Amino acid sequence: MASIQRPASSGSSEGGGDPQMDDRKRKRMLSNRESARRSRMRKQKQLEDLTDEASRLISSNEQIVESISVKEDAYVEMEAANDILRAQTMELADRLRFLNSILEIAEEVSGFSVEIPQIPDPLLMPWQIPHPIHPIVASADMFLH
């Protein structure tokens, strides 16, 4: 079998090499090492920056989650207060209906004309709950005439 001859590789350390070529190889190797060192440092810095950013984002996310939780709790409390107010509104509307029915009876019996306000249904338009301009004042004298 015939053997294939190969030229001497640039990495071989033959004694008969050109000193200028050895110098260039050495400089290139040093340059490559320095470039690799800078590349590793850049990657390390990038990794540290990304780790710091991830920590900041995690912290920010935890603060946002806590803020949402506080707001949800406040919302639940507001809803409970609204439910109570709605129930009170319905109770007061029922009382007003009852008082209006008494006023109607008194109007029929006494013959006096009494202005009886209409009671809108607060559930149809809860944002427009009626507010009387003047409070209704009832006294025992009014039924004696």
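Lys-45 and Asp-49 both lie in helix α1, 4 residues apart, which is about one turn of the helix. The model is a predicted one, in which local features require pLDDT of at least 70 and side-chain atom pairs count only at pLDDT 80 or more, while totals for chains, interfaces and linings use all residues. Residues are numbered from 1 along each chain as its sequence is written, and side-chain values use heavy atoms, with hydrogens and water left out.

The protein chain has 1 helix and 0 strands; helices (H or I, at least four residues) and strands (E, at least two) are DSSP runs numbered from the N terminus. Helix α1 comprises residues 19-110. The 92 residues of α1 should span 136 Å at 1.5 Å a residue, and the end C-alpha atoms are 132 Å apart, which agrees; the expected span is 1.5 Å times one less than the number of residues. Gly-111 follows α1 and has a positive phi, near 85°.

The protein chain exposes about 13,400 Å², of which carbon and sulfur atoms supply 59%. Accessible areas come from the Shrake-Rupley method with a 1.4 Å probe, and for residues only the protein chains shown count as cover. Of the 145 residues of the chain, 3% count as buried, where buried means under 20% relative accessible area, exposed over 50%, and partly exposed in between (1.4 Å probe, protein chains only). In α1, the residues Ala-93, Asn-100, Leu-103 and Ala-106 are buried.

A salt bridge is defined as a side-chain nitrogen of Lys or Arg within 4 Å of a carboxyl oxygen of Asp or Glu. By this rule the count comes to 7 salt bridges. Lys-45 forms one with Asp-49, with the closest N and O atoms 3.1 Å apart. Lys-45 counts as partly exposed because its relative accessibility is 48%, and Asp-49 is likewise partly exposed, at 36%.

Asp-83 and Arg-86 also meet in a salt bridge through their side chains, at 3.1 Å from N to O. Both lie in helix α1, 3 residues apart, about one turn of the helix. Asp-83 is partly exposed at 43% relative accessibility, and Arg-86 is partly exposed with a relative accessible area of 39%. Arg-95 forms a salt bridge with Glu-91, the closest N and O atoms being 2.8 Å apart. Arg-95 and Glu-91 lie 4 residues apart in α1, about one turn of the helix. Arg-95 has a relative accessible area of 49% and is therefore partly exposed; Glu-91, at 42%, is partly exposed. A network of salt bridges links Glu-34, Arg-37 and Arg-38.

A patch of negative charge on the surface is formed by Glu-66, Glu-72, Asp-73 and Glu-77. Patches are made of residues with over 30% relative accessible area and no salt bridge, like charges being joined within 9 Å and nonpolar side chains (Val, Leu, Ile, Met, Phe, Trp, Tyr) within 5 Å. Lys and Arg count as positive and Asp and Glu as negative, with His and the chain ends not counted.

How values were computed
Charge placed at Lys NZ, Arg CZ, Asp CG, Glu CD.
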